[in-house]
Structure formats: structure tokens, C-alpha cells
Amino acid sequence: MAEQTNISLPKASSKFGDIQISPNVLEVIASIASVQVKGVKRMRGSLATSVNELFGRKEMGKGIRLNFKDEKLIVDVYVYLNYGVSVPKVALEIQEQVKQQLLFMTELDLGEVNVHVEGVVHEKQDKKANSKSLLNGNSSDKGEK
């Protein structure tokens, strides 16, 4: 017999039966909630997710790992942040967003939301060199006629 991987929603049981949700759905909810926080550049992916995205298959649940401990859900979020943001402030906002969205959409009892900042990404500057300023040695137009 195959091991049960779906999660039963205890508060959603009714006389008609149980409601179960796939862990993939929880990963997608947590990932989308995390990416929507201002200051998050991207989620951490794996080699498999990178290969899938090369073939045009978008992995929405990347950067999220779920565990259960003492009947409580533990969510680990792995993110890259934009350079210049307050890391503690963004991490706290991620925790709040993930907790809020999972509670709203599934009514699951969350134990922890752990945020792992994998790195800080500096925005590339696409400045093109101005040939006039390179030849003149300055960027001002003073003295030119």
C-alpha cells in the first residue's frame, strides 16, 4: 500500500467526508506569498527546477520545504533578497505573509515559518559609456563650444 502524502484538513471535515490537500499546493501558496513581499528577488531553486524552467515549465513551489513535527506544519523558506533592503524586516514580513496566507487558505495550524536568506542580489546597472566624456576626461560640458 502506498504511503499517504496528502494532508487532511481537520477543521474542514464534514458529514460528507474529509478534505485532503497535497503538500505541493502548500508549497505553491507559501512560495507565492513569499515572492510578493517587497525586497524578495527570487526563491532558491534546485537543478531540477532550473531544467524544468528551461523547458518552459514554471515551478511555483520552489524555495519551500515542508515538515511536520508534533502535528504542526513547519515551513522553511529559502530566498534571495534585493541588495539594500533590511534583511530582518523583509524576513519578518515573509513569515507574516506565509502564515497569513496558509491560515486563510487552508486553516492549518502552523508551528513555524523559518526564513533562510541564501544571498543578496545586486541589481545590474546598464549604463552605457558616453564616448564624449571618456575622451574629454569629464562628464560636464563646461568649456566646450
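Colleague: Why is Ser34 counted as buried?

Modeller: Buried means under 20% relative accessible area, exposed means over 50%, and partly exposed is whatever falls in between, using a 1.4 Å probe and protein chains only. Ser34 comes out at 0% relative accessibility, so it counts as buried. Bear in mind that this is a predicted model: local features need pLDDT of at least 70, side-chain atom pairs count only at pLDDT 80 or more, and totals for chains, interfaces and linings use all residues. Residues are numbered from 1 along each chain as its sequence is written, and side-chain values use heavy atoms, with hydrogens and water left out.

Colleague: What is Ser34 in contact with, leaving aside its neighbours within four places in sequence?

Modeller: Contact means heavy atoms within 4.5 Å. By that rule Ser34 is in contact with Val40, Met43, Ile64, Val77, Ile94 and Val98. Ser34 itself sits in helix 1, where Leu26, Ile29, Ala30, Ser31 and Ala33 are buried as well. The cover over the buried residues of this helix includes strands 1 to 5 and helix 3.

Colleague: How do you know that the span of helix 1 agrees with what a helix should give?

Modeller: Helices are DSSP runs of H or I with at least four residues, strands are runs of E with at least two, and both are numbered from the N terminus. The expected span is 1.5 Å times one less than the number of residues. Helix 1 has 13 residues (23–35), so it should span 18 Å, and its end C-alpha atoms are 18 Å apart, which agrees. In total the protein has 4 helices and 6 strands, in the order β-β-α-β-α-β-β-α-β-α.

Colleague: What about helix 3: which of its residues are buried?

Modeller: Val90, Ala91, Ile94, Gln97, Val98, Leu102 and Thr106 are buried in helix 3. They cover an arc of only 125 degrees around the axis, which puts them on the same side of helix 3. The arc is that of the directions from the helix axis to the C-beta atoms. On the other side, Pro88, Lys89, Leu92 and Phe104 are exposed. The buried ones pack against strand 2, helix 1, strand 3, strand 5 and strand 6.

Colleague: Why is the pair Arg65 and Asp76 called a salt bridge?

Modeller: The rule asks for a side-chain nitrogen of Lys or Arg within 4 Å of a carboxyl oxygen of Asp or Glu. Arg65 and Asp76 meet at 3.7 Å, N to O. Arg65 lies in strand 4 and Asp76 in strand 5, so the pair ties together parts that are 11 residues apart in sequence. The rule gives a count of 1 salt bridge.

Colleague: Arg65 and Asp76: buried, exposed or partly exposed?

Modeller: Arg65 has 44% relative accessibility and counts as partly exposed, while Asp76, at 6%, is buried.

Colleague: What makes the nonpolar surface patch?

Modeller: Patches take residues with over 30% relative accessible area and no salt bridge, joining like charges within 9 Å and nonpolar side chains (Val, Leu, Ile, Met, Phe, Trp, Tyr) within 5 Å. Here Tyr83, Val87, Val117 and Val120 make a patch of about 360 Å². Areas come from the Shrake-Rupley method with a 1.4 Å probe, and for residues only the protein chains shown count as cover. Val117, in strand 6, has 35% relative accessibility, so it counts as partly exposed.

Colleague: How do you know that Tyr80 and Arg44 meet in space despite their separation in sequence?

Modeller: They're 36 residues apart in sequence, with C-alpha atoms 6.8 Å apart. Tyr80, in strand 5, touches Arg44, along with residues including Val40, Met43, Glu118 and Val121.

Colleague: And how much of the whole protein is buried?

Modeller: Of its 145 residues, 27% count as buried. The accessible surface comes to about 10,900 Å², with 51% belonging to carbon and sulfur atoms. Among contacts with a separation of 6 or more, 63% join residues 24 or more positions apart.
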